[in-house]
Each structure stands twice: as structure tokens, then as C-alpha cells.
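Dear colleague,

Please find below the structure I said I would pass on, followed by my notes on it. I would be glad if you read the notes with the structure open beside you.

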Amino acid sequence: IDQRQAKQEQRIDKGIASGALNKREARRLEKQQAVINRAEDKAKADGSVTAQERKRLPKMLNQTSRNIARQKHGPQTAGTGK
């Protein structure tokens, strides 16, 4: 999970650098990454990660990955009032 999160954060950074992501989009994606980090920390807090938590974290990562792709390859909307 940690490797995948790091890779997704790199994708966000590259999107910012290339201009494929604007600041608003990047902020939203970074917030999603933070939610995943908190969920992972909470899952690990009691010393054992349950089967339900093991299923939930990859699903969260999958959704964020799709959102990164959509934002990077979709139209830029910040500043247009839409």
C-alpha cells in the first residue's frame, strides 16, 4: 500500500509539473491521499489489520488512481466558474 501511495503521489506531482493538473485538482487529489493515509494509520493502530480493512484500502487506492487519471487527462476547470 505504501509503495502504491508513493507512486500515486508522484503521478500527482508530475501532473502539476506538466500542467496537466491545476492547483485545485491537485489539492483535491492530495486530500484523497491524506484520507487513505489516515485510514491506513487507523487500521494499523490496534496492531492488526482486519480482512475488511485489507479490502477497503486497495479500493480507496483504486478510486484515487482513477481520479488522478481523469483529472490529468480531462479538461482544466479551475478559474472558469464551472
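**Notes on the helices**

The buried residues of helix α3 are L57, M60, L61, T64, S65, N67 and I68, where buried means under 20% relative accessible area, exposed over 50% and partly exposed in between, computed with a 1.4 Å probe on protein chains only. These buried residues pack against α1 (2-18) and α2. Helices here are DSSP runs (H or I, at least four residues), numbered from the N terminus.

Please bear in mind that this is a predicted model, in which local features need pLDDT of at least 70 and side-chain atom pairs count only at pLDDT 80 or more, while totals for chains, interfaces and linings use all residues. Residues are numbered from 1 along each chain as its sequence is written, and side-chain values use heavy atoms, with hydrogens and water left out.

Helix α3 has 23 residues and reaches 34 Å from its first C-alpha to its last, close to the 33 Å expected at 1.5 Å a residue, the expected span being 1.5 Å times one less than the number of residues. K59, which also belongs to α3, is exposed, with a relative accessible area of 57%.

The axes of α2 (residues 23-45) and α3 (residues 51-73) come within 10 Å and cross at roughly 170°; axes are lines fitted to C-alpha atoms, for helices over the stretch in contact, and angles run from 0 to 180 degrees between N-to-C directions. That makes α2 roughly antiparallel to α3, a label given to angles over 145 degrees. On the α2 side the contact (heavy atoms within 4.5 Å) is made by residues including L29, Q33, I36 and E40, and on the α3 side by residues including L57, M60, T64 and I68.

Q33 of α2 counts as buried at 2% relative accessibility. Leaving aside its neighbours within four places in sequence, Q33 is in contact with Q5, Q8, E9, I12 and T64.

The structure holds one salt bridge, defined as a side-chain nitrogen of Lys or Arg within 4 Å of a carboxyl oxygen of Asp or Glu. The side chains of K44 and E40 form it, at 3.0 Å from N to O, and both residues lie in α2, four residues apart, about one turn of the helix. E40 is buried, with a relative accessible area of 6%, whereas K44 counts as partly exposed at 43%.

With kind regards

Key:
Helices (H or I, at least four residues) and strands (E, at least two) are DSSP runs, numbered from the N terminus. Angles under 35 degrees count as roughly parallel, over 145 as roughly antiparallel, 65 to 115 as roughly perpendicular and the rest as oblique.
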